[in-house]
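Reader: Can you walk me through this one? I'd like to start with the core.

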Amino acid sequence: MEALVNLLPLLLIAGLFWFLLIRPAQRRQREATATQHAATVGSEVMLTSGIFGIVTDSTDETLQLEVAPGTVLKVARGAVARVLSDEPVAAEEQDETSDAAESTAERDGQ
């Protein structure tokens, strides 16, 4: 009985450690995995490096990401930090975005 009383503070510390540190970390990992698997073809995503792009192809482990018209990167699925739009981005929206970027580049170049 006395041995159980001596172990009780250690068990409480272990329970508190699990509740405050391990459990939230497991929840964040599950959310990150769900976010990474939510990236489907046509979704706009942001990578952990801050690169934005549109998913053009996907496998279990990798994504093909179009970051500029005609520029496609092959990235690990684990590099996805956020899915900005779950709906596929329409071709007209992609053209408007690239036109705006080109006009900004031309203006900055002059």
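Author: A definition comes first: a nonpolar core is a set of buried Ala, Val, Leu, Ile, Met, Phe, Trp, Tyr and Cys residues joined through side-chain atoms within 4.5 Å. Buried means under 20% relative accessible area, exposed over 50%, and partly exposed in between, with a 1.4 Å probe and protein chains only. This is a predicted model, where local features need pLDDT of at least 70 and side-chain atom pairs count only at pLDDT 80 or more, while totals for chains, interfaces and linings use all residues. Residues are numbered from 1 along each chain as its sequence is written, and side-chain values use heavy atoms, without hydrogens or water.

Reader: Fine. Which residues are in the largest nonpolar core?

Author: The largest nonpolar core has 10 residues: Ala39, Val45, Leu47, Val55, Leu63, Leu65, Val75, Ala79, Val80 and Val83. Strands (E, at least two residues) and helices (H or I, at least four) are DSSP runs, numbered from the N terminus.

Reader: What is Ala39 in contact with, leaving aside neighbours within four places in sequence?

Author: Val45, Val55, Leu63, Arg77 and Val83. Contact means heavy atoms within 4.5 Å.

Reader: And the overall layout, what pattern does the chain follow?

Author: Along the sequence it reads α-β-β-β-β-β-α, with 2 helices and 5 strands. Buried residues make up 19% of the 110 residues.

Reader: How do S3 and S4 pair?

Author: S3 and S4 (residues 71–76) pair in the antiparallel sense over 6 bridges; two strands count as paired if DSSP finds at least two bridges between them. Leu63 has Val75 in S4 as its bridge partner, and both residues belong to the core listed above. The hairpin of S3 and S4 has 2 residues between the strands, and Gly70 takes a positive phi near 85° there.

Reader: What about S2 and S3?

Author: S2 (residues 52–58) also pairs with S3 in the antiparallel sense, over 4 bridges. A hairpin of 3 residues joins them, and Ile54 stands opposite Glu66 in S3.

Reader: Switching topic. Where is Leu21?

Author: Leu21 is in helix H1 (residues 2–38).
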